[in-house]
Amino acid sequence: MRANRRPVDTTSPTAVRNLGILAHVDAGKTTITERILFATGAIHKRGEVHEGTTVTDFDAQERDRGITIFAAAVSCTWGGHRVNLIDTPGHVDFSDEVERSLRVLDGAVAVFDAVAGVEPQSESVWRQADRHGVPRIAFVNKLDRAGADLDTAVTSIRERLGAVPLVVQLPIGQEDAFTGVVDLLGMRALRWRADADTYETGPVPESLREEAQRRRRLLEETVAELHADALEEFCVDSALSERTLVSALRELTLRGDGVVVLCGSAYRNRGIEPLLDAVLAYLPSPVDVPPVRGLAGGVEQERAPDPAEPFAALAFKVTATATGRLTYLRIYAGTLRKGESVLDPATGRTERVGRILRVQADRHEEREEARAGDIVAVIGLKGARAGSTLCAPGAPLVLEPPSVAEPVVSVAVEALRGVDTGRLSSALARLAEEDPSLVVRSDAETGQTVLSGLGELHLEVAVEKIRSGHGVEVVVGRPQVSYRETVVRGVTGLVYRHVKQDGGAGQFAHVVIDVEPLEEGGFEFRSTVVGGRVPQEYARAVEAGCRDALAEGPLGGHPVTGLRVTLTDGATHSKDSSEMAFRAAGRFALREALRVSTVELLEPVVEVVVSVPQDGVGGVLGDLAARRGRVSASTARAGTAVITAVVPLAELFGYASRLRGRTQGRGTFTTQPAGLAPVPASVAGALLAR
């Protein structure tokens, strides 16, 4: 049985769903995407991740490594709706791809492993979705695996994510015997045949009828507690109709007050059609989310998702292909037609759109126009970058760009042959253009070119792209982490007087500052000057100068974080004072204050979750201790020990091969950033002596 595929009304944003697939690595995101494309008729043969034949993992490195590295957009139709879907990476090193995707999505499907439940990166991407206010439904995958348990996975969603799970299905069979689900809304059984790609509906099995009724009652009670209209019906009838449940579940999903939970096995093609039905029923269309807001001439404005509104779109991904330079756009308002010109209000540059493409991973379908709510790629834009706003030239609007994660690992790169130096520079510039979380700089002391990213694997992938995609052989140095410096004990009443006279107008600025630690990190500036001794515009200049001084700390020249600067007093000169003079005073005053303060070195640390057979626990714990790791938890799960520890990032280089050697290839691990931590004095001394 397949859902009714009515003709798609492409002119209506209400018939569009823009969603992402979010999960921990290896939870089954790409397989689910592949099965969705097959179920909707977008492809006619199912690909497999382990065979390297899936639509969205089309890059050679993705197929070699068996993981999603780059967010891939695909489009399909189901039940009279256009579904634009982005398969996002699950590895922590590529979390910036997830961030850029979430910025332009209206909803998401969070995928969880039925054995492992909520895993570290599951939690990270969930928090990212929370920050963007993206409504989600959950799909508990791999119910056919040994040890799979829907209830355990749902409990982890409740406890680790703080969400209210609203389970609408009950599995039929366990592990290898899993054949279908009971739909708790329609109180019917959905069974998938092993020799077919369709499912059949029937009555709830007698053995599950009592349990299904119990779970239906629990669902009704939970919904009634959260939804006022449902509570009213429940009080009158002591039950909720299927129509009321569906309506209430949609409202709770859109408000973020509950998470609809479905289940299945994507690999065995079970549970995909009900998941698609749930996407249409519960996740928002572009008109269900608030109108996009931006700045026009410094004034905040909003644009409704209406094709008749002035055009406004956000570029969230840029990539170079054989077809040309592709700029991926989420169109928030208006209509874009082939051949029209668009404005980048940040640069003032106007460019012509040569072609509009409906994207199917690495394949494209040309379109004459795209409307509000669409996600498309365009060819012809040379200046747009990820995060650029594109709008109608006569109605400029600047949208908030996606945030970019700060790099934590760096390597020195140079061309193997001197004649390739120019090609290497071009390749690095192209990489940084396609991936804003990659930063390229030249080291002032050594003259080396330094490539920085979000992790060791992130940099490995980037270097391999230089080699295979640009044909440049490179020599790569040992990875280096990005250290920081912070104030442990500050200084009060530091006086700095900036006086400069070299003919003509001079420079004069007198400032008094206090410096103190800021426990939550970052930088904070405030002024307590009274009586107009330092005018407001000069106080802002002092703040700018202090921010300049944060670039290099007194210990090793690392950026400084975790401090508050207070401007307590100062003085001006009627002729020689200026914003430039006070900016210089702020910069030199903070440098001097840091020299006399107590400052310590910080290093990035990560939470490591290691899964290892019981007989390998001792060796793994010893190795983690040798890497200055602090074990925070150790649990047993299905004959496997799961060890959680916080380890300095600098100590994890090469850990994958070491773990494989200690566990005969049976151990695995995942990481997620855990912030910054002080470097022990003995280690800091050695680092600063280099």
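The lining of the second largest pocket comprises 13 nonpolar, ten polar and eight charged residues; here Ala, Val, Leu, Ile, Met, Phe, Trp, Tyr, Cys and Pro count as nonpolar, Asp, Glu, Lys and Arg as charged, and the others, Gly among them, as polar. The model is predicted: local features need pLDDT of at least 70 and side-chain atom pairs pLDDT 80 or more, while totals for chains, interfaces and linings use all residues. Residues are numbered from 1 along each chain as its sequence is written, and side-chain values use heavy atoms, with hydrogens and water left out.

A pocket is an open set of points on a 1 Å grid over the protein atoms alone, where a 1.4 Å probe fits, with protein on both sides within 12 Å along at least five of seven lines; lining residues have an atom within 4 Å of a point. The second largest pocket holds about 1200 Å³ of space. Of its 31 lining residues, Arg-441, Asp-443, Gly-556, Gly-557 and His-558 lie nearest the centre. Elements that each supply at least two lining residues include β26 (439–442) and α16 (681–689).

Helices (H or I, at least four residues) and strands (E, at least two) are DSSP runs numbered from the N terminus, and two strands pair if DSSP finds at least two bridges between them. An open antiparallel sheet has the strand order β13-β12-β24. β13 (299–303) and β24 (398–399) each have a single partner strand, so one side of each is left without a neighbour in the sheet. The table lists two antiparallel strand pairs.

β17 and β18 form a hairpin with four residues between them, and Gly-348 in the turn has a positive phi of about 75°.

In helix α12 (residues 536–549), the buried residues (under 20% relative accessible area; exposed is over 50%, partly exposed in between, with a 1.4 Å probe and protein chains only) include Tyr-538, Val-542 and Cys-546. The buried residues of α12 fall within an arc of 155° seen down the axis, so they line one face of the helix; the arc is that of the directions from the helix axis to the C-beta atoms.

Two non-glycine residues have positive phi. Glu-175, with phi of about 50°, lies in the loop between β7 (169–172) and β8 (180–183) and is partly exposed at 33% relative accessible area. Arg-628, with phi near 65°, lies in the loop between α14 (617–626) and β37 (630–637) and is partly exposed at 23%.

Definitions and conventions. Points joined across faces, edges and corners; volume = space filled by probe spheres on them.
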